[in-house]
Amino acid sequence: MFGPFKSAPFSDPMLGDLIRSRGLWRGMLQLDSGSTKLALAGTRTAPDPAALAVARELKAQLPGWRSTIEMVLFEHYEPYAEAVATGECPETKGCFPSIAAPNGVWPHASLEFICISPLDGFLTTELGYITAWDEEHTLGARFAGGTFIALCGSVLPP
């Protein structure tokens, strides 16, 4: 029915149906802000149990990560704002956002995907953000074991 190269869908009571595509198990995660694309590492037969456990806990984890994420997004924003203010980087598309503090990033940033997979030997949760001040890149806030690792300035959606 699914052929020799096609995995059967995986149904999780909390995450819903996950479909394996391009090496990852894919679905949608329902968050307070709406639904977000979710990708999980795993084998041909099922998502990785540890990745599933992390995904199931994300709704509870995200509020605790919020201040860290807004701080690193704001740190990423500041050089862009400075370049626009000094004329080094003229505005090219629309109005450049004016953000005075880290918690002001949220109207200008949107969560595009969540990927939970091994990276450098650690199961890592990457939150991919699109921002109004950096239209050319998707920014990846990475966490391992609930601890912030880095903000990557250019990540590809899984």
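Leu31 counts as buried, because its relative accessibility is 11%, and burial means under 20% relative accessible area. Leu31 sits in strand E3, which covers residues 24–31. Please keep in mind as you browse that this is a predicted model.

**Around Leu31**
- Setting aside neighbours within four places in sequence, Leu31 is in contact with Thr36, Lys59, Leu62, Leu111 and Ile114.
- Leu31 and Ala46 are 15 residues apart in sequence, and their C-alpha atoms are 23 Å apart in space.

**Salt bridges**
- The structure holds two salt bridges.
- Side chains of opposite charge can pair when their charged atoms come close.
- One of the two joins the side chains of Asp12 and Arg56, at 2.3 Å from N to O. This pair links distant parts of the chain, with Asp12 in strand E1 (residues 10–12) and Arg56 in helix H1, 44 residues apart.
- Asp12 is buried, because its relative accessible area is 3%, whereas Arg56 counts as partly exposed at 32% relative accessibility.
- The side chains of Arg142 and Glu126 also meet in a salt bridge, at 2.4 Å from N to O. Arg142 belongs to strand E7 and Glu126 to strand E6 (residues 122–131), so this pair ties together parts that are 16 residues apart in sequence.
- Why does Glu126 count as buried? The reason is its relative accessibility of 11%, which falls in the buried class because that class takes in values under 20%.

**Thr138 in strand E7**
- Strand E7 spans residues 138–144 and includes Thr138.
- Is Thr138 buried or exposed? Thr138 counts as buried, because its relative accessibility is 12%.
- Which residues does Thr138 touch, not counting those up to four places away in sequence? They are Phe113, Gly128, Tyr129, Ile130, Cys152, Gly153, Ser154 and Val155.

**A patch of negative charge**
- On the surface, Glu75, Glu78, Glu82 and Glu88 gather in a patch of negative charge.
- One of these residues, Glu88, lies in the loop between helix H1 (49–85) and strand E5 (109–119).
- Glu88 counts as exposed, because its relative accessibility is 64% and the exposed class begins over 50%.

Technical notes
Residues numbered from 1 in each chain as written. Predicted model: local features only at pLDDT ≥ 70, side-chain atom pairs only at ≥ 80, totals over all residues. Heavy atoms only, no water. Patch = residues over 30% accessible without salt bridge, like charges linked within 9 Å, V, L, I, M, F, W, Y side chains within 5 Å. Areas by Shrake-Rupley, 256 points an atom, 1.4 Å probe, with all protein chains shown as cover. Salt bridge = Lys/Arg side-chain N within 4 Å of Asp/Glu carboxyl O. Lys, Arg positive; Asp, Glu negative; His and termini not counted. Charge placed at Lys NZ, Arg CZ, Asp CG, Glu CD. Helix = DSSP H or I, 4+ residues; strand = E, 2+ residues; numbered from the N terminus. Buried < 20%, exposed > 50% of the residue type's maximum accessible area, 1.4 Å probe, protein only. Contact = heavy atoms within 4.5 Å.
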